[in-house]
Amino acid sequence: MTTLLEARVTRLSMAAPDDVAPIEAAIAAGTIDPAAIRAVFGKTEGNGCVNDFTRAFAVRALRDMLKGHLAADAVERVALVMSGGTEGALAPHWLVFEALDAATPPGDRADKALAIGVHVTPPMAPEEIGRMAQVEAVAAGVRTAMANAGIVSPDDVHFVQVKCPLVTAERAADAARRGTPPRTADTLKSMGLSRGASSLGIALALGEVAEGDVSEAAIGADFGLFSRRASTSSGVELMSNEIVVLGRSAGWSGPLTIDSAVMADAVDLSGVLGLFARQGLTVGGDRRVVALLAKAEASSTGRLRGFRHTMLDDSDIAATRHARGFVGGVLAGVVGHAEIYVSGGAEHQGPDGGGPVAVIVRRD
């Protein structure tokens with residue numbers, strides 16, 4: 001990256017998974033430049049499981065809208081990362097990430113500004129999902145996205161969002177017919193394995209785990225291996241891995257920055273409060289908070305701070321849905337609203353029962 005860039009992040013409320021009108025209105029008003037869009041995150045109101053087609057619905061609506069402003073190949077370069085599930089009071093919304101020509105020279109600031117890097121891997125075969133092929137593809141993709149963003153050090157990466165594929169019954173049958181069965185034909189389990197493999201790929205790229213420690217047997221099993229900055233979400237709407245690296249770089253300018261922490265468990269606010277203190281933010285409604293991104297997972301022990309939880313025992317509602325709603329409520333008290341990007345299913349993303357948190361801040 002040689003051109004000096006400035007990141008812009010716009011958060012917009014969503015009335016339905018196909019409600020792209022707020023983005024269209026921002027484009028018409030000149031507050032979003034479609035040619036500058038690098039990625040769009042969406043929190044949609046589906047179940048977040050295999051059959052959550054609100055994600056594909058949102059992606060289709062976004063692509064159709066962007067085709068009115070961009071050439072087809074440019075639309076395909078935009079990472080569209082939909083996270084299903086707005087349990088509890090979590091509010092459906094869009095996060096639009098842009099890279100613009102910088103208005104403020106980097107010399108005007110002593111510190112680094114928010115940088116955005118995007119890379120989409122080639123499509124994966126169903127039999128590669130949840131295996132080392134996916135780990136290696138994501139690791140290579142993260143390094144490429146960092147280079148594209150001009151992020152030199154892994155220490156400057158604060159959040160890596162990967163949208164990864166899953167195995168459907170049809171995809172599993174196709175792989176079996178070719179004599180290369182998938183690691184699992186259980187569609188729900190494939191989501192976790194895909195998230196886990198992607199997370200370990202991030203951990204490898206950022207130097208958080210040693211290459212020799214990662215194996216197929218460790219994926220979805222050895223949760224002592226994890227990334228402190230990974231957020232992965234699997235969906236039926238793609239077969240590639242869409243990678244968005246958010247970090248800081250001296251090659252970027254502007255008022256936005258990003259910082260991160262890790263929740264040790266679902267009620268651990270110490271890291272989040274420390275994160276707010278480092279950025280000089282007040283708790284409960286600081287308007288300088290542009291976006292809060294987090295992972296949520298029910299602890300595998302069935303305990304939280306020594307007390308029994310029933311998230312893993314509910315046959316009606318998946319544990320990831322409980323965890324999203326619960327963590328969303330905990331974090332809403334910190335930011336003063338529930339328009340938070342909380343993604344469930346945190347295999348190898350933070351410690352067991354916890355997860356990474358990042359805040360994008362508009363500096364004075």
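**Sheets and helix packing in the predicted model**

The model is a predicted one, in which local features need pLDDT of at least 70 and side-chain atom pairs count only at pLDDT 80 or more, whereas totals for chains, interfaces and linings use all residues. Residues are numbered from 1 along each chain as its sequence is written, and side-chain values use heavy atoms, with hydrogens and water left out.

The protein contains eight helices and 15 strands, these being DSSP runs numbered from the N terminus (helices: H or I, at least four residues; strands: E, at least two). The C-alpha trace spans about 55 × 50 × 45 Å along its principal axes.

A further open sheet, also of mixed pairing, is formed by four strands in the order β10-β15-β11-β14. Strands β10 (256–263) and β14 (341–344) stand at its edges with a single partner strand each, so that one side of each is left without a neighbour in the sheet. On average, neighbouring strands of this sheet are turned by 15° against each other, direction ignored. Eight bridges pair β10 with strand β15 (residues 355–362) in the antiparallel sense, and the bridge partner of S260 in β15 is A358. Helix α7 (residues 270–278) packs on the sheet and touches β10, β11 (289–296) and β15, its direction making about 155° with that of β10; contact means heavy atoms within 4.5 Å. Helix α8 (residues 319–335) likewise packs on the sheet, touching β10, β11 and β14, and its direction makes about 150° with that of β11.

Between helix α4 (residues 132–149) and helix α6 (residues 187–205), the axes come within 7 Å and cross at roughly 45°, where axes are lines fitted to C-alpha atoms, for helices over the stretch in contact, and angles run from 0 to 180 degrees between N-to-C directions. The contact involves Q134, V135, V138, A139, V142 and R143 of α4, together with L193, S194, A197, S198, L200, G201, I202, L204 and A205 of α6.

Key:
Two strands pair if DSSP finds at least two bridges between them.
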